[in-house]
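Please look over the sequence and the 3D structure shown here before reading the briefing.

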Amino acid sequence: MRVNFTVNGRPQEADDVWEGESLLYVLRERLGLPGSKNACEQGECGSCTVRLDGVPVCSCLVAAGQVEGREVVTVEGLAEYAARRSCGTGACEAGACGTDSGGTSLDEARRWSAQGTRGTDSQTGEGTELAPIQQAFIDAGAVQCGFCTPGLLVAADEMLERNPDPTDADIREALSGNLCRCTGYEKIMDAVRLAAARQSEGA
Amino acid sequence: MDFLRPASWEEALAAKAEHPTAVPIAGGTDVMVEINFDHRRPEYLLDLNRIADLYAWEVGEDSVRLGASVPYSRIMEHLRAELPGLALASHTVASPQIRNRGGVGGNLGTASPAGDAHPALLAAGAEVEAESVRGSRRIPIDDFYTGVKRNALAPDELIRAVHIKKADGPQQYAKVGTRNAMVIAVCAFGLALHPETRTVRTGIGSAAPTPVRAAAAEDFLNAALEEGGFWDNGKVITPSVAKQFAELCSAACNPIDDVRGTASYRRHAVGVMARRTLTWTWESYRGTRRTIEGAA
């Protein structure tokens with residue numbers, strides 16, 4: 001079957017989708033967006049977390065056909081999504097976030113890489129546009145193997161949107177559906193606290 | 001496999017009548033796991049996401065009509081006052097991502113003995129609104145669970161809503177697992193005080209082939225509370241009464257040994273949860289009484 005939906009602000013069409021296929025499979029294998037990670041396939045690990053109509057969900061548990069006509073934001077579109085949000089609140093300088101670009105194209109999203117052609121540096125994030133939560137993860141050393149990172153970024157970014165001044169308990173609760181097997185979560189907590197602090201300074 | 005996408009409730013009923021083996025999918029948190037792991041290859045998937053009515057709830061005089069697909073996160077956020085037991089139970093479901101998708105209709109449809117909502121529904125008192133092209137009916141929650149992952153639905157029926165009695169007194173919910181998030185209950189317990197009828201209702205999860213009430217324990221406690229005039233005098237519950245209530249709740253279990261826990265552990269844990277939830281709710285009831293008396 002064919003599925004039409006919006007990914008990172010741009011309309012997309014996926015063809016030859018099997019009826020039992022998950023949104024995660026469509027994103028990774030049909031649209032070429034491997035940022036959302038495939039691990040447990042049962043909603044346990046949160047590595048595949050995306051926003052579906054703004055709400056964080058495990059994309060492995062959403063049937064492809066269920067996203068027809070709906071809006072999905074993946075980690076590849078997170079920087080743009082966060083920039084638009086801060087523009088909406090007047091927290092950014094005029095035009096700095098490129099509000100006229102209308103989302104993230106598939107090509108841009110596929111090329112998204114912290115070591116892309118734009119001479120970027122995966123250690124510092126310099127040279128590529130990052131969401132504040134992404135920069136905070138780099139600065140706090142919250143990324144080790146990196147596999148859980150995309151899901152954590154999407155979940156943490158949504159929490160900061162909803163709750164700009166989270167307590168540690170709020171952060172733990174918001175990230176309780178995301179498993180990390182490297183860090184012991186402490187650096188991740190640091191990163192989210194850092195992003196929250198920077199957000200409140202900027203506001 | 002065919003993916004059926006009804007745009008309205010009537011279309012969904014017609015599709016289910018035409019294809020009784022169609023598997024309804026709403027939050028997908030059970031169905032998609034089975035498909036991802038190749039445990040299930042239904043001929044038809046019946047998507048209920050487009051039916052807005054299933055995501056709505058109405059607070060009535062005596063009960064809340066909760067649409068089958070209202071996500072747990074909405075219940076936690078909006079129905080804490082009316083359905084405190086179910087709101088607590090909702091909070092123990094998996095993770096934020098899962099609570100954003102899953103709802104009570106799915107819990108009932110799957111009818112796993114470990115479903116988190118069941119003990120709260122049993123304790124509060126509820127009716128399942130099931131419908132087919134043949135008509136609509138209300139199934140009392142006590143008659144709904146018929147076996148392990150079996151329920152009273154006919155093949156052509158869909159769950160439209162659940163009618164849950166609004167709390168008329170304190171309610172509590174407890175769940176045993178290895179961590180707070182992302183656990184299937186080893187066992188769970190729901191308790192509701194109903195001061196208006198001077199009764200106590202219970203619900204036990206994951207400790208019998210189906211979710212069950214501890215009927216003998218309820219009878220014992222109702223009689224003991226009545227006899228001692230507790231509803232009126234608001235005294236602390238006698239430890240021996242709480243102990244016997246807990247033992248009767250343990251006795252209501254019919255658990256198995258499995259990877260999550262042994263039968264004897266489950267029996268013991270249900271007793272502990274029964275005693276604790278009784279104490280918590282009763283202390284809360286006494287506190288409310290004191291406040292009312294103080295104000296008068």
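The points below describe a sheet and a pair of helices.

This is a predicted model, in which local features need pLDDT of at least 70, side-chain atom pairs count only at pLDDT 80 or more, and totals for chains, interfaces and linings use all residues. Residues are numbered from 1 along each chain as its sequence is written, while chains are lettered from A and ligands numbered from 1 in the order in which they are written.

**The sheet of chain A**

- Strand 3 (residues 49–52) and strand 5 (residues 71–73) of chain A are paired in the antiparallel sense over two bridges, and R51(A) has V73(A) of strand 5 as its bridge partner.

**The helix pair of chain B**

- Helix 9 (residues 215–227) and helix 11 (residues 239–251) of chain B pack with their axes 8 Å apart and at an angle of about 165°, the axes being lines fitted to C-alpha atoms, for helices over the stretch in contact, and angles running from 0 to 180 degrees between N-to-C directions.
- That makes helix 9 of chain B roughly antiparallel to helix 11 of chain B (angles over 145 degrees count as roughly antiparallel, under 35 as roughly parallel, 65 to 115 as roughly perpendicular and the rest as oblique).
- Residues in contact, meaning that their C-beta atoms, placed from the backbone, lie within 7 Å, include F220(B) and L221(B) of helix 9 of chain B and F245(B) and L248(B) of helix 11 of chain B.

How values were computed. Pairing = 2+ DSSP bridges. Helix = DSSP H or I, 4+ residues; strand = E, 2+ residues; numbered from the N terminus. Contact = placed C-beta atoms within 7 Å.
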